[in-house]
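Me: Could you take a close look at how the helices pack in this protein, and at the cavities left inside? I'd like one connected walk-through that I can follow with the model open beside me.

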Amino acid sequence: MNERLRPGRLLPTLLAVVGVLALAGVIAFGVTHLGFLRTGHRAPFVAWTLIAWTVFAGAVLALRSVAARWVTVIVVGGAVLVGVAALLGPPNTSTDSARYAWDGIVQNAGVSPYAHTPQSSALTDLRPGWLFPHAVDGTCEQPRLRGLGDGQPGQCTAINRPAVTTIYPPMAQLWFALVRAVVPVTAQYLPFQVAGLLVSLGVTIGLVVVLRRLGRPTWWAALWAWSPLVASEAVTNSHVDVLGAALATAGVALVVFGRPIWGGIALGAATATKLIPALVYPPLLGRWRHWWAIPVGIAVFGLLYVPYVLTTGLDVLGYLPGYLSEEGYEDGSRFALVSMVAHGNAATVLVVLVVLLAAVVAWRLGDPAHPWSGEVLLIGVTFLAVTPRYPWYALLLIPFVVLSGRWEWLSIGLAITLRQIWPHVDAYRWWLVAAILVIVVVTLVRTDRDTWRRWGRRLRGGGPETPTPRAVRSGA
């Protein structure tokens with residue numbers, strides 16, 4: 001009997017298709033009906049998030065039993081549906097893409113984005129009305145707007161922190177300029193949303209290709225392709241982190257498959273997009289031929305800064321130092337878990353030690369031919385230690401979850417998402433503790449005695465053994 005007509009295959013196929021259609025519907029409803037998070041109506045966002053993640057989990061579970069010949073089509077088709085649903089409304093939890101648009105507009109006018117703040121009168125002639133509307137009834141209290149300041153009463157802006165220069169590194173700036181170069185200045189949020197969709201679809205296809213090369217089922221790619229976090233943060237809110245995640249994933253894959261120079265170029269560009277992708281380097285150090293990627297990546301990172309340094313000097317750091325202080329990273333107050341046992345400088349030192357320890361463990365335990373689990377470990381532990389408040393940071397984690405098969409680490413992304421829409425530090429701690437429990441329990445259940453022994457030998461410096469078939473499949 002033809003495989004597509006077998007009852008045992010037909011039901012999960014229908015369930016997977018219905019599941020992804022339902023997920024697209026949930027996302028479409030959210031972006032068109034919930035408005036902007038800053039309005040203060042947080043409970044509907046929490047309910048919407050939990051419903052979306054539940055439908056997502058059900059659709060992926062159904063997909064696991066679909067005939068292999070149909071999986072890739074359903075994964076990619078579902079990615080398009082979910083992505084298009086995420087396009088149906090403007091950004092709903094962040095105004096960062098307003099800054100992206102401004103930085104792109106400024107660059108395309110021949111001005112360095114590091115040279116002036118958005119409220120600078122030197123750039124008045126560049127201001128489009130949708131980014132700098134006039135106040136309604138003398139106020140700027142609309143959810144996405146704030147006062148421009150600097151002696152300009154009645155002038156509003158959609159850009160957050162308009163009194164400071166940009167914080168984004170040069171690769172991000174090139175991305176902003178490229179996207180804005182192909183649209184009129186009157187185009188609002190949609191260009192970056194479409195660009196985010198295209199990049200996220202590219203990641204989906206790339207993950208399918210790598211999974212096939214690794215001999216693993218391609219349904220794993222749905223963890224990225226259908227993820228509510230990807231739909232929200234890569235498309236609806238169009239965070240540039242999706243570009244960093246794409247470049248970092250491509251870079252690691254290229255290095256692993258014997259292209260360290262090209263991999264290093266991608267890794268350098270990824271780091272010059274958002275800095276955080278620098279976390280993917282340590283797990284690659286287990287094999288000498290991978291090391292070529294490190295100096296190449298550093299060189300590319302530096303070269304991307306050269307044009308901006310020549311025009312703006314050391315001001316290319318922008319508001320980054322101030323941003324880190326504002327977010328509580330300088331005094332340690334940002335660290336939700338670590339602050340339970342240490343405060344101030346002691347908390348910062350403890351976080352640094354935890355991240356360094358995770359880097360060493362990821363390096364020693366990782367299989368150089370399959371570093372995906374090491375990437376997940378280092379990125380995930382870093383997020384648990386640093387406890388960011390913004391879910392778009394987790395975009396870097398998801399591709400390596402897909403490639404490693406360590407689905408339990410997605411719980412960190414859900415915890416950070418809940419933190420953004422329900423910002424109570426005590427609740428955030430409980431969500432993080434729940435994520436840690438999920439990770440620990442699933443890891444203990446999954447890992448057999450031979451794997452523990454192999455890890456012990458690697459930590460003691462005994463070097464990697466030839467992996468068992470199970471280890472190869474899981475990416476351990």
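Reply: Let's start where helix 6 and helix 9 touch: Gly 196, Val 199, Ser 200, Val 203, Leu 207 and Val 210 of helix 6 meet Val 242, Leu 243, Ala 246, Thr 249 and Ala 253 of helix 9. Please keep in mind that this is a predicted model. By class, the residues of this contact are eight nonpolar, three polar and no charged. Helix 9 covers residues 241–256, and its axis lies 9 Å from that of helix 6, at an angle of about 20°. Angles under 35 degrees count as roughly parallel, and the two helices are therefore roughly parallel to each other. Their crossing is left-handed.

Stay with helix 6 for a moment, as it also takes part in a cavity. Helix 6 gives the most to the lining of the second largest cavity, with four residues. This cavity has a volume of about 80 Å³. Its lining is made up of 13 residues, and those nearest the centre are Ala 79, Gly 83, Ser 200, Ala 225 and Val 230. Two or more lining residues come from each of helix 3 (68–86), helix 6 (190–214), helix 7 (222–225) and helix 8. Sorted by class, the lining holds nine nonpolar, four polar and no charged residues.

Helix 8 leads us on to the largest cavity, where it gives the most to the lining, with six residues. The volume here is about 180 Å³. Of the 18 residues lining this cavity, Trp 48, Thr 49, Pro 228, Ser 232 and Thr 417 are the closest to its centre. At least two lining residues come from each of helix 1 (7–33), helix 2 (42–63), helix 8 (228–236) and helix 16 (410–421). The lining divides into 11 nonpolar, six polar and one charged residues. In total, the model has four cavities of 30 Å³ or more.

Now back to packing, with two further helix pairs. Helix 4 (residues 96–108) and helix 5 (residues 170–181) cross at roughly 80°, and their axes come within 8 Å. An angle of 65 to 115 degrees counts as roughly perpendicular, and that is therefore how helix 4 and helix 5 sit relative to each other. On the helix 4 side, the contact uses Tyr 100, Ala 101, Asp 103, Gly 104, Ile 105, Gln 107 and Asn 108, while helix 5 brings Gln 173, Leu 174, Phe 176, Ala 177, Arg 180 and Ala 181. These residues comprise seven nonpolar, four polar and two charged.

The last pair is helix 10 (residues 260–274) with helix 11 (residues 293–312), which pack at an angle of about 45° with axes 7 Å apart. That angle makes helix 10 oblique to helix 11. The crossing of helix 10 with helix 11 is right-handed. Helix 10 makes the contact through Pro 260, Ile 261, Gly 264, Ile 265, Leu 267, Gly 268, Ala 269, Thr 271 and Ala 272, and helix 11 through Ala 293, Val 296, Gly 297, Val 300, Phe 301 and Leu 304. This contact between helix 10 and helix 11 has 11 nonpolar, four polar and no charged residues.

Technical notes. Residues are numbered from 1 along each chain as its sequence is written. This is a predicted model: local features need pLDDT of at least 70, side-chain atom pairs count only at pLDDT 80 or more; totals for chains, interfaces and linings use all residues. Side-chain values use heavy atoms; hydrogens and water are left out. On a 1 Å grid over the protein atoms alone, a cavity is a set of points where a 1.4 Å probe fits but cannot get out, and a pocket is an open set with protein on both sides within 12 Å along at least five of seven lines; lining residues have an atom within 4 Å of a point. Grid points are joined across faces, edges and corners, and a volume is the space filled by probe spheres set on the points. Ala, Val, Leu, Ile, Met, Phe, Trp, Tyr, Cys and Pro count as nonpolar, Asp, Glu, Lys and Arg as charged, and the others, Gly among them, as polar. Axes are lines fitted to C-alpha atoms, for helices over the stretch in contact, and angles run from 0 to 180 degrees between N-to-C directions. Angles under 35 degrees count as roughly parallel, over 145 as roughly antiparallel, 65 to 115 as roughly perpendicular and the rest as oblique. A crossing is left-handed if the near helix is turned anticlockwise from the far one by less than a right angle, and right-handed if clockwise. Contact means heavy atoms within 4.5 Å.
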